[in-house]
Amino acid sequence: MRRSVVVLWIAVLCVGIVSAQNNRLSVIIDTDMAADDWTALLYLLQHPAADVLAVTVTGTGETTCPTGARNAINLLTLTGDIRVPVACGSSTPLEGSHTFPQEWRDAVDRMVGLSLPRNPFSPDERGAVELLRDVLSRSAVPVTVITLGPLTNLAELLTVSPEVAGQITRIVVMGGAVDVPGNIEANVAGNPYAEWNVYVDPAALSVVLKSGVPVMLVGLDATNDVPVTPAFLRALGRDRSTSAANFVYDALQQEISLVLSERRSFWDPLTAAAALDASLITSETRQLSVVTVDGPELGRTAVDPDGTTVTVAISADAGRFEQSLLNVLNGRAPDATLSMPAPTAPALGAELARRYYDELWSQGNNSAFSELLDPAFQVYSNSEDYAADAGGLRAILDQLRVYLPDMQIEVRQIVVDGETAAVRFVLTGTHTGISGAIEPTGQQVAVTGQSMLTFYDGKIAEDRFTFDTFALITRLGILPPEAIAEMYARMGGN
């Protein structure tokens, strides 16, 4: 046993020496295994400048333990780092009983329906606090701790083992909102200040700030600058040569409505990237404290002249961050030049638009989907609130053909300008199909529509279309004409 301990110490020392020699940053990741944490973990595991020593999972965040620990250890298989130790921590905040919404936790625990290869290793039998203490104590070099969820694990460590604070170079925290509103008010009425990770366990961040360890706060001030956009999803859709990149793409597709409306940000990935390259953000030094008293400001990261000096990220360079994220997920150097798609010639754009309506809409040629549409194609129908991928478009067209088996699209006008095309069309057909309680009327249907197509690398990447829905549902017999007339009258129209 003594020999094993000696061998272990030598191994740990060697890891520290290698990290120092290769200028790699020794890091520990503390995560709540939310969906954006998956991207951050994969980014750190594949980044050439990071040496991930351990992963600890907090049960006070979006995941539950031990499910989150098992998901985390399986996630390691995508990068080959299957031996990185993973342990789970407390499921109870230091103070209070705040939790994330249960539906969020359920979705995260089931990995939003995605599957992962099973890691043959099991989560570490040590709890998160013990694993943190052991790894920090044994590291030959100071360690950066990156927290991606509530700070319960780290606060407990610094409370029971304050001596390890000297082994932590700094703590990079995804959390807080200093000069911008928080993000909990939609679920917690009357609190416009707090950010979720801090709100769930504000006492934990307070302990960390008072520990004496340097803290960099990457909160909503900076992460608001890096929303997950359809453009990024399209870029990732055509640039995913690794298991990690494929998994991130699939995960984003599972939350496509949030991506299309840009209601999801790269919260944790930006934090991970900023920990390794501070030039991706602009930061300022602030004196901060955390409101821990119950009330409308609970969890607020407030400017306080008597507070702790904290480095606060106030903005981010979205372009360089996305470049780094795409490159690292695909196993390339963070600053590698990304290949840009060739511009779409006007003639090609017009041809793509005509084929889109002829082959997909009129003919129902499913084999043309992959030929004409970008892998990350998205369609918006009549409202920004409705969006779908190529499969969703197929479902829309299949449903229309149920009502109108002879549906045809006549393109009346196409105007191409750069990477977009404006299209005016008429949808025609005969209402002879039967679906549910809607009886066929035999009515000839002719409704006008407009579409804005966006091209990317010689394919159609986006379709924002709208047509006269009232005319369609009236002629299909879904609503009687008098109901439409009454609706317009109430709106003050004609």
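About 100 Å³ of space lies in the largest cavity of this predicted model. A search of the whole structure turns up 1 cavity of 30 Å³ or more. Here a cavity is a set of points, on a 1 Å grid over the protein atoms alone, where a 1.4 Å probe fits but cannot get out, and lining residues have an atom within 4 Å of a point. Grid points are joined across faces, edges and corners, and the volume is the space filled by probe spheres set on the points. Among the residues that line the largest cavity are Ala35, Asp36, Thr39, Val248, Ala251, Glu255 and Arg264. Helix 2 (35-46) and helix 11 (243-254) are the elements that give two or more residues to that lining. Helices (H or I, at least four residues) and strands (E, at least two) are DSSP runs, numbered from the N terminus.

A quick word on the ground rules. Residues are numbered from 1 along each chain as its sequence is written. The model is predicted, so local features need pLDDT of at least 70 and side-chain atom pairs count only at pLDDT 80 or more, while totals for chains, interfaces and linings use all residues; side-chain values use heavy atoms, with hydrogens and water left out.

You'll find arginine 264 in the loop between helix 12 (256-260) and helix 13 (267-276). Is arginine 264 buried or exposed? Arginine 264 is buried, with a relative accessible area of 12%. Buried means under 20% relative accessible area, exposed over 50%, and partly exposed in between (1.4 Å probe, protein chains only). The side chains of arginine 264 and glutamate 255 are joined by a polar contact of 2.8 Å. A polar contact is a pair of N or O atoms within 3.5 Å; within protein, one must be able to donate a hydrogen and the other to accept it, and residues adjacent in sequence count only if both atoms are side-chain atoms. Leaving aside residues up to four places away in sequence, arginine 264 touches Asp36, Pro227, Val228, Glu255 and Leu258, where contact means heavy atoms within 4.5 Å.

Next comes helix 13. Because 10 of its 10 residues are buried, helix 13 is largely enclosed by the rest of the structure. Trp267, Asp268 and Pro269 are among those buried residues. Helix 10 (residues 230-238) is mostly covered too, with 7 of its 9 residues buried, including Phe232, Leu233 and Arg234. What do the buried residues of helix 10 pack against? Their partners are helix 11, helix 12, helix 14 (318-329), strand 10 (373-381), strand 14 (444-456) and strand 15 (459-467).

Now for the rings. The structure holds 15 aromatic pairs. Rings of Phe, Tyr and Trp (its six-membered ring) pair if their centres lie within 6.5 Å; planes under 30 degrees apart count as stacked, over 60 as edge-to-face and the rest as tilted. Tyrosine 356 and tyrosine 357 make an edge-to-face pair, 4.9 Å centre to centre with 75 degrees between the planes. Tyrosine 357 is buried, at a relative accessible area of 1%. Tyrosine 357 also pairs with phenylalanine 425: the ring centres are 5.1 Å apart and the planes sit at 35 degrees, so this pair is tilted. Since tyrosine 357 lies in helix 15 (residues 346-362) and phenylalanine 425 in strand 13 (residues 420-430), the pair ties together parts that are 68 residues apart in sequence. Phenylalanine 425 is buried as well, at 0% relative accessibility. Tyr356, Tyr357, Trp361, Phe377, Phe425, Phe465 and Phe467 form one aromatic cluster.

Rings meet charges here, too. The charged end of arginine 464 sits over the ring of tyrosine 380, 3.7 Å from its centre. A charge sits over a ring if NZ of Lys or CZ of Arg is within 6 Å of the ring centre and within 35 degrees of the ring normal.

Finally, step back to the whole chain. The protein chain has 19 helices and 15 strands, and its C-alpha atoms fill a box of roughly 85 × 45 × 40 Å, taken along the principal axes. Of its 494 residues, 51% count as buried. Among contacts between residues at least 6 apart in sequence, 74% join residues at least 24 apart.

Terms used
On a 1 Å grid over the protein atoms alone, a cavity is a set of points where a 1.4 Å probe fits but cannot get out, and a pocket is an open set with protein on both sides within 12 Å along at least five of seven lines; lining residues have an atom within 4 Å of a point.
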